[in-house]
Amino acid sequence: MKIIITFCLITGLVSSTNVISYSGGSVIMTMGDRHRWSSHTPKYICKFAGGACKTVIQSTAQNDTVFEGRFSLYESKQGHFGVLIRELNPQDAGKYRFGLANNWNREINLKVHHDACCGMSMTVVGHLNKDVSISCDYTVEHKRTWKYFYKLKGHSADWVIFTMPGKNHKENQFYITDDNRLNLFTMTIRELKEEDGGVYFCGTQTWEYPIKVFSTIKTVHLHVTDKVQSSVRVTGFLGGRIMMKCRHPLENPKARFLCRELEGECPEKTYTNVQNEWQQNGGFSLYDDTSGKSLMVFFRNLTEGTYRCGVDVSDFTEQYREVNVEVKEDPCCGKIISQAGYIGETLTISCEHPPTLRASLKHFCKEDENLICQDIRAAGKYSLSDHSQPGLFTVTISNLTLSDAGVYWCGVETSEGHISYTSLTTRVQISIITSKVIGHEGDAVEIRCPYDSKYKQNSKHVCKDECFTEHSDSLIAQRTTQNKTERFSVHDDITAGVFSVNISRVKAVDAGRYWCGVETGDVLMNYLSTELQVVRKEVLQVFGRETLSVSIECSYRGESPESDGKFLCMGQQLASCDKGGVKVSSEKNRTGRFSLSNDAPAGVFTVTITDLREEDSGTYWCGEESLGSSIYTEVHLHVSKGPGSSVLITVCVCITLLLIGASALILYRLKHKETQGSSSSNRTDVTKSDGVSPAACDYEEVNHSGQYPDSDTSVYMNTSPSTNSSDKNKVQLPKDEGPAYATVSFQKNPDSPSNLLVSTVAFIKEESATEYATVKHRPRLE
């Protein structure tokens with residue numbers, strides 16, 4: 001087609017035909033038998049402006065239709081010259097000339113009116129092999145005009161059927177009636193066929209020789225739809241999801257669509273604009289699966305109703321399958337469960353489903369970043385098995401990795417004809433547990449959260465403890481590379497794929513489980529779990545002696561002490577509490593020599609260790625667990641050797657030797673005085689007055705006092721009667737172990753005539769323990 005713009009000078013008076021049309025509508029003009037179409041003659045149409053006629057279309061092509069935009073010149077099915085102008089607007093009004101060059105031409109004066117009655121467009125849907133009716137109302141001025149239906153064919157239009165005012169007429173399967181009382185005429189198409197679909201113009205025709213003018217009242221888009229199978233019922237459950245596959249084996253359909261019926265019709269279709277890619281639209285997403293020749297539909301927000309999933313065979317012909325979606329409430333379904341596992345280990349998940357669907361194929365899928373639950377059964381690391389209990393099956397995920405974290409769904413799959421669907425019943429949030437982080441009161445601690453590279457641009461969050469409820473809030477959120485609150489700050493290293501949370505001035509209340517999460521769409525996915533354990537600044541020093549008992553008092557902060565876990569574990573490192581190092585706990589408050597008692601009002605629990613042994617010395621940890629929080633206090637227990645029987649033996653030996661020596665000395669002195677004083681009759685008999693009997697000595701057996709030393713405490717042992725204690729009877733124990741000493745002191749009776757001096761004897765023992773004793777002897781005269 002060749003388009004040439006020319007200006008024609010008016011050389012004579014030519015009469016013009018007035019043509020009435022409506023904004024938004026179309027106008028069709030055809031010539032009589034004297035002005036027939038000629039393929040070999042150039043055709044044109046021009047519009048007058050400023051005394052010249054500006055060409056709109058001019059063509060020398062030897063064909064039956066030429067067009068430019070909304071303007072067309074064509075040969076009607078009767079062989080007449082035709083003009084079509086579509087989608088009129090007020091700027092189209094004016095004077096036009098059209099015709100065959102050097103043969104004939106005609107002029108029209110086109111008027112474009114704006115009227116609520118006319119120029120409208122509507123869509124009518126008819127069902128294959130059923131009757132369909134199209135009605136057009138008109139104003140009073142059209143009451144006495146002929147009524148027509150034209151059908152658009154490419155860039156031309158031909159009449160389908162017409163009737164005189166107030167009359168009826170039939171043409172093949174088309175039937176038209178004009179009701180003058182209602183100002184309404186109707187065309188009915190019997191046994192609708194696929195080729196009947198298309199664009200129709202209903203309107204009135206006027207005749208001003210030699211031009212027939214047809215002005216449209218309405219433009220009607222007739223769609224022919226074909227329901228290819230009976231309706232299928234699809235059942236979902238409250239709080240769940242539905243994944244549906246709608247197969248259409250048609251080769252290369254024009255488009256695939258989904259729509260929801262309202263009053264038996266589909267007022268609005270949602271089409272797949274791309275192939276083999278998910279497309280989100282409100283509460284559902286569509287996927288045009290070209291390899292499977294199917295339309296995939298993922299319903300996120302379940303709403304009961306009747307849906308059509310179909311294909312457009314052409315612009316005005318479609319095929320669809322009808323689906324009735326029902327949403328039920330069942331105790332098994334709509335649950336949200338959270339499970340966590342360690343990297344490298346195996347995780348087992350129990351999935352519930354309605355017992356009535358026991359024979360259905362079980363399904364397990366994982367949500368992607370578009371919140372579409374993708375089938376993962378082919379991944380190899382997942383296995384599904386039926387449980388002996390009805391309404392239950394298990395899923396096993398082996399060799400957990402960080403990429404296994406995310407949101408999963410359990411479901412059951414049902415198939416009926418060309419429709420198959422999976423009802424997703426249980427939402428499973430799987431998180432990966434990383435190594436525990438230990439923080440000390442007053443210090444700073446860092447929690448690291450690695451993430452997949454596809455989440456680099458997503459907002460990151462950190463949440464503490466209860467993070468899977470509707471009331472949970474993020475402890476801190478990151479929407480830039482850095483963010484900070486009072487004691488918490490977060491930094492996102494997108495190069496390394498790690499965002500970290502730093503807590504300054506750690507407190508006991510900071511203990512607990514922290515969840516790392518990323519925003520995906522409008523959903524926050526918590527994928528990584530880290531436990532922060534807090535060690536109190538205070539360190540307890542406890543001393544005890546072998547064979548005796550010792551008590552360790554541990555304070556705690558729990559608000560519900562009866563339900564909190566309390567325990568004592570032994571080990572140099574805090575990790576020993578997780579590896580069998582627990583000696584006693586509130587769950588089992590007596591284990592061998594260890595027992596635990598709780599004083600809830602005082603906020604203290606006490607661990608008692610009986611029959612202390614040297615190997616009990618070491619580092620212990622008082623632990624409390626409350627709502628997933630673990631807080632520890634470090635305890636150092638020092639056990640020293642207790643006083644043995646060697647003290648008593650040593651003292652007894654010393655006393656015996658001293659008594660024997662003292663007795664011999666006294667006898668010797670008495671005999672010596674007897675010899676010197678034998679001539680003196682008035683001398684006192686020493687042997688009578690100063691004789692000492694061993695029975696006259698005061699002494700007692702040495703016993704230990706039962707007290708246990710700490711760094712500043714002295715322990716004393718006393719051999720004097722309890723009624724006569726003095727500093728002379730005490731010996732302070734030095735801290736360093738060394739030789740053992742025993743001391744015996746004798747005091748002279750003031751009434752004795754003899755000059756008996758105080759005697760002291762010291763014994764030295766080479767033993768590892770330091771032992772002391774003091775013995776006091778007071779002789780009496782008989």
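Good morning. A search of the whole structure finds 25 salt bridges, where a salt bridge is a side-chain nitrogen of Lys or Arg within 4 Å of a carboxyl oxygen of Asp or Glu. Before I turn to some of them, a word on the model. This is a predicted model, in which local features need pLDDT of at least 70 and side-chain atom pairs count only at pLDDT 80 or more, while totals for chains, interfaces and linings use all residues. Residues are numbered from 1 along each chain as its sequence is written, and side-chain values use heavy atoms, with hydrogens and water left out.

Let me begin with Arg 233 and Glu 326, whose side chains meet in a salt bridge at 3.3 Å, N to O. This pair links distant parts of the chain, 93 residues apart: Arg 233 is in strand β20 (residues 232-237) and Glu 326 in strand β28 (residues 317-328). Strands here are DSSP runs (E, at least two residues), numbered from the N terminus. Arg 233 counts as partly exposed at 49% relative accessibility, whereas Glu 326 is buried at 17%. Buried means under 20% relative accessible area, exposed over 50%, and partly exposed in between, with a 1.4 Å probe and protein chains only.

Next come Arg 256 and Asp 288, with a salt bridge of 2.7 Å, N to O. Arg 256 lies in strand β22 (residues 255-260) and Asp 288 in strand β25 (residues 284-289), so the pair ties together parts that are 32 residues apart in sequence. Both Arg 256 and Asp 288 are buried.

A further salt bridge joins Glu 531 to Arg 513, with the closest N and O atoms 3.7 Å apart. Because Glu 531 lies in strand β45 (residues 523-545) and Arg 513 in strand β44 (residues 512-520), this pair ties together parts 18 residues apart in sequence. Is Glu 531 buried or exposed? At 7% relative accessibility, Glu 531 counts as buried; Arg 513, at 22%, is partly exposed. These two residues also belong to a network of salt bridges that links Lys 436, Arg 513, Glu 531 and Asp 578.

I now turn to strand pairing. Two strands pair if DSSP finds at least two bridges between them. Strand β33 runs antiparallel to β34 (residues 392-397), and five bridges join them. Within that pairing, Asp 386 has Phe 393 of β34 as its bridge partner.

Elsewhere, strands β6 (residues 65-68) and β7 (residues 71-75) pair in the antiparallel sense over four bridges. Together they form a hairpin with two residues between the strands, and Gly 69 in the turn has a positive phi of about 60°. Glu 68 stands opposite Phe 71 in β7.

Finally, consider Thr 186, placed in strand β17 (residues 184-189). Thr 186 is buried, with a relative accessible area of 15%. Which side chain makes a polar contact with the side chain of Thr 186? That of Ser 135 does, at 2.9 Å. A polar contact is a pair of N or O atoms within 3.5 Å; within protein, one must be able to donate a hydrogen and the other to accept it, and residues adjacent in sequence count only if both atoms are side-chain atoms. Thank you.
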